[in-house]
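Work through the exercises below with the sequence and the structure at hand. Try each task before reading its solution.

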Amino acid sequence: MVDPIEFFGNHTFRMVFFGTTVIGLVAGALGSFAYLRKQSLISDVIAHSALPGALLAFLTAVVVLGVSGRNMLGLIVGAVTTGTLAALFANSIAARTKIRIDTAMAISLTVFFGAGMIVLRIIANGPFPGKGGIEDYLFGNASVITIADLATSTAVGALALILMLVFWKEFTLRTFDPVHSTVLGFRASVIDTLMFTTIVIAIVIGVQAVGVVLMIAVVVTPPAAARQWTSTLPGMVALSGAFGAIGSGVGAYLSIAVGNIPTGPVIVLTLFVIFLVSLLASPRRSVITTTLRRARARESLRRELLTETTDR
Amino acid sequence: MSFILGTSLLAVVTALACALPGAFVVLRRNSMLVEGIAHAVLPGIVVGYAFTLDLNSPWLIVGAALAGLLVVLCNEWLIRTGLLTGDAPQGLVFPALFAAGIILITLDFNHVHLHTHVVLVGDLNLAAFHQLVVNGVSIGPRYLYVMLAVLIVNVAFIAIFYPKLKVTTFDDQFAMVLGMRTKLLNTAFMFLVSVTVVAAFHAAGALLVISLVVVPAATAHLISQRLSVMLVLTALFAVVGALAGFWIAYVLNAATSAGMAVFYGFMFVAVAFIDKLAIRVRRYRRAEAASAGRPAGNLGIEGLLAKPRYAFAAQRRQEESGRRDGSAPAADTQAAE
């Protein structure tokens with residue numbers, strides 16, 4: 001076990017902790033919009049499809065530009081490109097053919113991820129400098145986060161959050177009443193593109209630390225947990241961001257403290273525990289509260305009926 | 001049997017075994033649920049492998065399939081609580097189970113040696129390595145016979161329950177009115193899908209098996225108006241895709257399932273494109289015929305197939321009523337139960 005003082009005294013551990021906390025915060029906050037628009041699973045498509053983009057960015061950097069392939073900005077640009085393409089591909093299948101969105105998402109996801117696995121094999125078989133550990137994009141390896149990486153992902157994540165705050169009113173209206181927002185003259189396509197871009201950014205900054213396979217959990221789980229505690233949008237976004245940050249930070253700490261476990265899976269399990277507690281025992285809406293409320297209502301109805309009969 | 005023949009045969013049988021139930025998966029809008037199942041079976045496989053030390057053991061296959069079924073049941077339960085919205089219930093349980101499986105592997109649980117790459121996309125050549133030898137003669141990979149058994153079970157299930165599967169797929173409420181146990185049938189069917197996914201795990205891994213299940217059926221759905229035609233086309237696309245994907249992967253020295261997934265994708269786009277083109281040509285010809293005062297003539301193969309379209313029409317009706325309710329199209333099959 002690594003105790004907290006030793007943990008924060010270590011540079012690598014500090015990077016891991018802050019890096020994953022930033023990822024959890026941004027993904028949790030922006031995941032709220034995906035959740036409320038009932039499109040949580042599209043984040044799975046985006047995350048998986050980030051793989052070929054990240055790998056092609058690596059190849060471009062090494063082969064064409066002749067620089068180090070491990071560049072956070074290159075990774076983000078590549079991953080945003082393929083992630084967005086995959087989401088657009090899925091949506092256009094659903095819009096143009098009789099295939100429905102769930103199958104369209106499955107098709108898009110497997111094509112892009114399959115292509116990514118082929119590129120991964122090409123990289124593994126070829127003589128590329130700095131290719132060691134490239135497979136970490138699958139399950140994430142937070143211990144390779146450098147100060148430059150942290151700065152880049154914080155800046156890009158902050159940009160996404162600022163976009164969200166600037167267009168807060170538009171996002172809210174479009175989420176809850178799309179027809180009304182169109183009637184008021186807001187361009188649906190512009191707002192959708194903006195909202196989508198922020199969500200894609202939130203997903204791809206987590207690829208390095210959490211990995212493409214499990215990033216969906218960081219986007220879907222915090223909003224689902226936060227929804228059980230609050231019924232306002234600001235409250236939900238803030239709480240979801242907080243849950244994401246806490247779950248990721250604690251998960252990263254645990255993965256290092258226990259030792260030799262990839263960071264991504266531990267973060268996912270930590271977030272899942274937060275979700276389970278929220279679903280089962282949040283004070284306002286949860287499985288236990290609902291059960292108790294129903295039992296109480298049944299009891300009071302029974303008493304009422306009994307008094308009625310005895311009164312007569 | 002030569003190694004390459006045995007392995008390509010294995011690719012074809014695996015593709016067929018996955019694709020046939022896939023036709024119903026696509027029509028029942030359960031595609032992303034299969035993604036969840038394929039991830040969730042991982043901890044089941046790891047624990048089962050630690051005890052049986054054999055990825056082809058029937059105990060392991062059934063045990064791990066129960067883990068996959070867990071996702072289906074949890075999804076239904078989460079929807080029933082009414083506390084979650086949209087497709088979020090489908091995305092909550094499987095990452096946690098998959099993460100547990102990965103942690104078990106990295107902790108070297110009971111000395112399970114599964115490479116993460118194999119976990120994700122499988123390794124067909126490794127799966128085909130153990131040959132079945134009868135009287136000193138090799139009759140193909142041992143794993144081929146496991147997949148053949150799964151294929152036979154799938155075909156038998158579909159053949160026996162074909163009418164019931166058809167009516168529950170296209171009009172679930174009507175099936176309920178008829179007194180059918182739609183929920184039981186659905187659970188049994190999803191369990192079968194789960195068994196297939198686990199069996200195919202060795203060849204296609206946790207992430208790309210969904211491609212084998214969903215994409216041939218989706219491609220067939222594009223150009224068919226009848227369920228029976230769709231099933232035949234699904235099988236055809238699966239065989240073509242398996243052979244082409246095997247060849248692509250062989251040339252690129254990549255995982256077979258990755259080659260298959262990419263080729264399936266191209267096949268889907270090509271078929272969708274040709275279908276659109278054919279519709280446009282037909283519309284143009286009809287307009288020309290109408291302006292010339294002649295009746296529209298031969299409608300081609302789709303015209304021949306188009307007659308009994310009431311099944312799809314019923315489904316479209318159901319979809320429209322679902323949209324009126326404002327519920328997400330992906331969720332309304334479950335919500336209807």
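**Exercise 1.** Leaving aside its neighbours within four places in sequence, which residues is Leu97(B) in contact with?

Solution. This is a predicted model, in which local features need pLDDT of at least 70, side-chain atom pairs count only at pLDDT 80 or more, and totals for chains, interfaces and linings use all residues. Residues are numbered from 1 along each chain as its sequence is written, while chains are lettered from A and ligands numbered from 1 in the order in which they are written.

- Step 1. Two residues are in contact if their C-beta atoms, placed from the backbone, lie within 7 Å.
- Step 2. With those sequence neighbours left aside, Leu97(B) is in contact with His39(B), Ala40(B), Leu42(B), Pro43(B) and Ala67(B).
- Step 3. Leu97(B) is found in helix α4 (residues 88–106) of chain B; helices here are DSSP runs (H or I, at least four residues), numbered from the N terminus.

**Exercise 2.** Is Leu97(B) buried or exposed?

Solution.

- Step 1. A residue is buried if 20 or more other C-beta atoms, placed from the backbone, lie within 10 Å of its own, exposed if 12 or fewer, and partly exposed in between.
- Step 2. Leu97(B) has 24 C-beta neighbours inside 10 Å, so Leu97(B) counts as buried.

**Exercise 3.** Describe helix α1 of chain B.

Solution.

- Step 1. α1(B) covers residues 3–27, which is 25 residues.
- Step 2. From first C-alpha to last, α1(B) reaches 37 Å, close to the 36 Å expected at 1.5 Å a residue; the expected span is 1.5 Å times one less than the number of residues.
- Step 3. A kink of about 30° in α1(B) is centred on Pro21(B), the bend being the angle between axes fitted to the seven residues ending there and the seven starting there.
- Step 4. Because 21 of its 25 residues are buried, α1(B) is largely enclosed by the rest of the structure.
- Step 5. Arg29(B), with a positive phi near 60°, follows α1(B).

**Exercise 4.** How many residues of chain A are in contact with chain B, and which helix of chain A gives the most?

Solution.

- Step 1. 46 residues of chain A are in contact with 51 residues of chain B.
- Step 2. On the side of chain A that touches chain B, α5(A) gives the most, with 15 residues.

**Exercise 5.** What separates the centres of domain 1 and domain 2 of chain A?

Solution.

- Step 1. The assignment, which is automatic or from a database, gives domain 1 (4–278) and domain 2 (282–312).
- Step 2. Taken over C-alpha atoms, the two centres are separated by 44 Å.

Key. Helices (H or I, at least four residues) and strands (E, at least two) are DSSP runs, numbered from the N terminus.
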